[in-house]
Amino acid sequence: MQAGKGPPAGAHLRIRVLTENQAMYPGFIAEKGLSILLDDGVSKVLFDTGQGGALLENAAAFGEDLQDLTHIVLSHGHADHVGGLQRLAQSLHATPYPQRPLLVTHPDSIAEQAPDAPAQILPRSAVQAAFPCQFTRAPFWLHPRLLFLGEIPRAPHGPQAPQGMRHAAHHADAPLLDDSALAYCTPQGLVVLAGCAHSGICNILAYAMQVSGESRVLAVLGGFHLRNAGKAVLQRVAQYFNDLQITAVHACHCSGERAAKLLPQQSAIHAGSELVFALS
């Protein structure tokens, strides 16, 4: 576990959805992509950046300017999750490099060169010039409660097979190994955030519990990548969630309409949504 100071007693974990395919309230911009802000009073973490067209504007709609971020975590290297890095870096132009947020991600999520990528996708040299970076395949603790999962094992016979999409920068037959997630340890169990869950949302939850040592999952949110899943897969995922007794499920982005209705305890989240979890 990485050394660091956790949140004080009586603190709360506040989660704000900055970018999502749909906008929940007037003043927020819808954009195909995902970006979520976590704030526990000690760390302020940006999980993914969307495509970049709505990130700063929707942060401002929340009253956030993102100048005091402590970390940026990228779930994987697709354009609708990393496209906002360029604008974010530009917004921090006056911040000295050592004081900029630490960027944490799998090494495959940022290509050495990205000649075929959209113009806003930065190559690794530009990302490293803009942010201090921690590239890791292994799990990495941002602080004693907050865990980046690194490379997630795929269970070939688990409740959900790995998703079939491939990384644009990889060979067509290569798996999307950089797909990762965040897990926050609360006294009531884990709050797990998935970007697109290309590695399988059930695999993500299983690995989060394994690495953290916490057997309870309080909430799971983000992209579940079930939009093309058949009925049998959806039923297995729903059963897995029920077996874990997850009390809060918030599917969004790439999850698909049917995945948004897996369980009675689900509720939608979009740009402008806010969730709060007690940390004591």
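Visitor: Leaving aside its neighbours within four places in sequence, which residues is Leu205 in contact with?

Guide: This is a predicted model. Apart from neighbours within four places in sequence, Leu205 is in contact with Val192, Val217, Val220, Tyr240, Phe241, Leu244 and Ile246.

Leu205 belongs to the largest nonpolar core, a set of 35 residues. It is among the residues with the most contacts inside that core, together with Ile201, Ile204, Val220 and Phe241. Two of these, Val220 and Phe241, are also on the contact list of Leu205. The elements that give two or more residues to the core are E9, strand E10 (189-194), helix H5 (201-212), strand E11 (217-223), helix H6 (231-243) and strand E12 (248-252). H5 gives the most, with seven residues. In soluble globular proteins, nonpolar side chains tend to be buried together.

Just after H6, Gln245 takes a positive phi of about 55°.

The structure holds zero disulfides. For Cys196, the nearest cysteine sulfur is that of Cys254, 3.4 Å away; a disulfide would need the two sulfur atoms within 2.5 Å, so Cys196 is in none.

Charged pairs make up the rest of the picture. The structure holds eleven salt bridges. One of them joins Arg14 and Glu274, with the closest N and O atoms 2.9 Å apart. Arg14 lies in strand E1 (residues 12-19) and Glu274 in strand E13 (residues 274-278), so this pair ties together parts that are 260 residues apart in sequence. Arg14 is partly exposed, with a relative accessible area of 34%, and Glu274 is partly exposed, also with 34%.

Another salt bridge is formed by Lys44 and Asp68, whose closest N and O atoms are 2.7 Å apart. Lys44 is in strand E3 (residues 44-47), while Asp68 is in the loop between helix H1 (55-61) and strand E4 (71-73), so the bridge ties together parts that are 24 residues apart in sequence. Here Lys44 is buried, at 7% relative accessible area, whereas Asp68 is partly exposed, at 46%.

Glu151 and Arg137 also meet in a salt bridge, at 3.2 Å from N to O. Glu151 sits in the loop between strand E8 (146-148) and strand E9 (181-186), and Arg137 in the loop between strand E6 (133-135) and strand E7 (140-143), so parts 14 residues apart in sequence are tied together. Both are partly exposed, Glu151 at 25% and Arg137 at 43%. Salt bridges that share partners join Arg14, Arg16, Lys44, Glu64, Asp68 and Glu274 into one network.

Technical notes. Residues numbered from 1 in each chain as written. Predicted model: local features only at pLDDT ≥ 70, side-chain atom pairs only at ≥ 80, totals over all residues. Heavy atoms only, no water. Salt bridge = Lys/Arg side-chain N within 4 Å of Asp/Glu carboxyl O. Helix = DSSP H or I, 4+ residues; strand = E, 2+ residues; numbered from the N terminus. Buried < 20%, exposed > 50% of the residue type's maximum accessible area, 1.4 Å probe, protein only. Core = buried A, V, L, I, M, F, W, Y, C linked by side-chain atoms within 4.5 Å. Contact = heavy atoms within 4.5 Å.
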